[in-house]
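Try each task on your own before you read its solution.

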Amino acid sequence: MEIAVFDGAMGTMLQERGLAPGQNPEALNLSAPEIVASVHRDYLRAGCDIVITNSFGGSRAKLKEYQMAEQLEAINAQAVAIARAVCQQEGRGQVAASMGPTGYFTQPLGEVGFAEMVDIYAQQARALASAGPDYLLLETFSDLGEMRAALLACRSVCDIPVICSMTYMKNNRTLTGVSPQAAAVTLERL
């Protein structure tokens, strides 16, 4: 079995390089791609095998908060292009395209319908997949319903391998009460 090492946090590295409080990290893909590239380069040179794109908050639900939803396709495609270019320059590495939670719960816990949540993630997955990452990474989800919607959306638009990660609290449950075992069974079936 081969072990692949992922990079570390993107947001804190961008903050160290000048991302201002309240500034949208994904906007740097368009306005300062060299800063994003420097993070990927540093992680590859530190020994990681897989770099994670600067697209965690690249869904229209998150970009809308910054009045940037109309730039979704460009932001996400550029996130993959930056990471891919750095891997090629360094002669190593793979690209995992990050997709994070929207900040909303699906019904009945929240106000967003399941079909709408699938549509939100399908739009981002399509934009990311069009740029050719090695993986789609659904990361730090705390709601299994939202994770299900995101995974189904990814499967509906491409056949790129999808990696899923959930966030657990001290009681070994997600914020919505799901155990690691229940999440694994549900996600493996999808």
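## Exercise 1: Two helices side by side

Helix 7 meets helix 8 through Leu144, Met147, Arg148 and Leu151, which touch Ala183, Thr186 and Leu187 on the helix 8 side. Please keep in mind that this is a predicted model.

**Task.** What is the angle between helix 7 and helix 8, and how are these helices oriented to each other?

**Solution.** 
- Step 1: Find the two elements; helix 7 covers residues 144-157 and helix 8 covers residues 180-189.
- Step 2: Read off the geometry: the axes lie 11 Å apart, at an angle of about 20°.
- Step 3: Angles under 35 degrees count as roughly parallel, so helix 7 and helix 8 are roughly parallel to each other.

## Exercise 2: A crossing at another angle

**Task.** Which word describes how helix 3 and helix 5 lie to each other, and which residues make the contact?

**Solution.** 
- Step 1: Locate helix 3 at residues 33-46 and helix 5 at residues 72-90.
- Step 2: Their axes come within 9 Å and cross at roughly 45°.
- Step 3: Helix 3 and helix 5 are therefore oblique to each other.
- Step 4: The crossing of helix 3 with helix 5 is right-handed.
- Step 5: Helix 3 brings Pro33, Val36, Ala37, His40, Arg41, Leu44 and Arg45 to the contact, while helix 5 brings Gln78, Ile82, Ala83, Val86, Cys87, Gln89 and Glu90.
- Step 6: By class, the contact of helix 3 with helix 5 has eight nonpolar, three polar and three charged residues.

Now stay on helix 3 for a moment and find isoleucine 35. With a relative accessibility of 23%, isoleucine 35 counts as partly exposed. Beyond its neighbours within four places in sequence, isoleucine 35 is in contact with Leu14 and Arg17. The C-alpha atom of isoleucine 35 is 20 Å from that of tyrosine 66, and the two residues are 31 apart along the chain.

## Exercise 3: An aromatic pair

**Task.** How many aromatic pairs are counted here, and where do the partners lie?

**Solution.** 
- Step 1: Rings of Phe, Tyr and Trp pair if their centres lie within 6.5 Å; by this rule there is one aromatic pair.
- Step 2: The partners are tyrosine 121 and phenylalanine 141, with 5.9 Å from centre to centre and 45° between the planes, a tilted pair.
- Step 3: Tyrosine 121 belongs to helix 6 (residues 114-130) and phenylalanine 141 to strand 3 (residues 135-141), so the pair ties together parts that are 20 residues apart in sequence.
- Step 4: Check accessibility: tyrosine 121 is at 0% and counts as buried, and phenylalanine 141 at 0% counts as buried too.
- Step 5: Look around tyrosine 121; leaving out residues up to four places away in sequence, the residues it touches include Met99, Pro101, Glu146 and Ala150.
- Step 6: Tyrosine 121 and cysteine 154 are 33 residues apart along the chain, with 7.2 Å between their C-alpha atoms.

## Exercise 4: Backbone details

**Task.** Where is there a cis peptide bond, and which residues other than glycine have a positive phi?

**Solution.** 
- Step 1: The cis bond joins glutamine 107 and proline 108, with omega about 10°. Proline 108 sits in the loop between strand 2 and helix 6.
- Step 2: Glutamine 67 has a positive phi, near 55°.
- Step 3: Threonine 140, in strand 3, has a positive phi near 60°. At 37% relative accessibility, threonine 140 counts as partly exposed.

Conventions:
Residues numbered from 1 in each chain as written. Predicted model: local features only at pLDDT ≥ 70, side-chain atom pairs only at ≥ 80, totals over all residues. Heavy atoms only, no water. Phe/Tyr/Trp six-rings, centres within 6.5 Å; stacked < 30°, edge-to-face > 60°. Helix = DSSP H or I, 4+ residues; strand = E, 2+ residues; numbered from the N terminus. Buried < 20%, exposed > 50% of the residue type's maximum accessible area, 1.4 Å probe, protein only. Contact = heavy atoms within 4.5 Å. Axes fitted to C-alpha atoms, helices over the stretch in contact; angles between N-to-C directions. Parallel < 35°, antiparallel > 145°, perpendicular 65-115°, else oblique. Left-handed = near helix turned anticlockwise from the far one by under 90°. Nonpolar A, V, L, I, M, F, W, Y, C, P; charged D, E, K, R; others polar.
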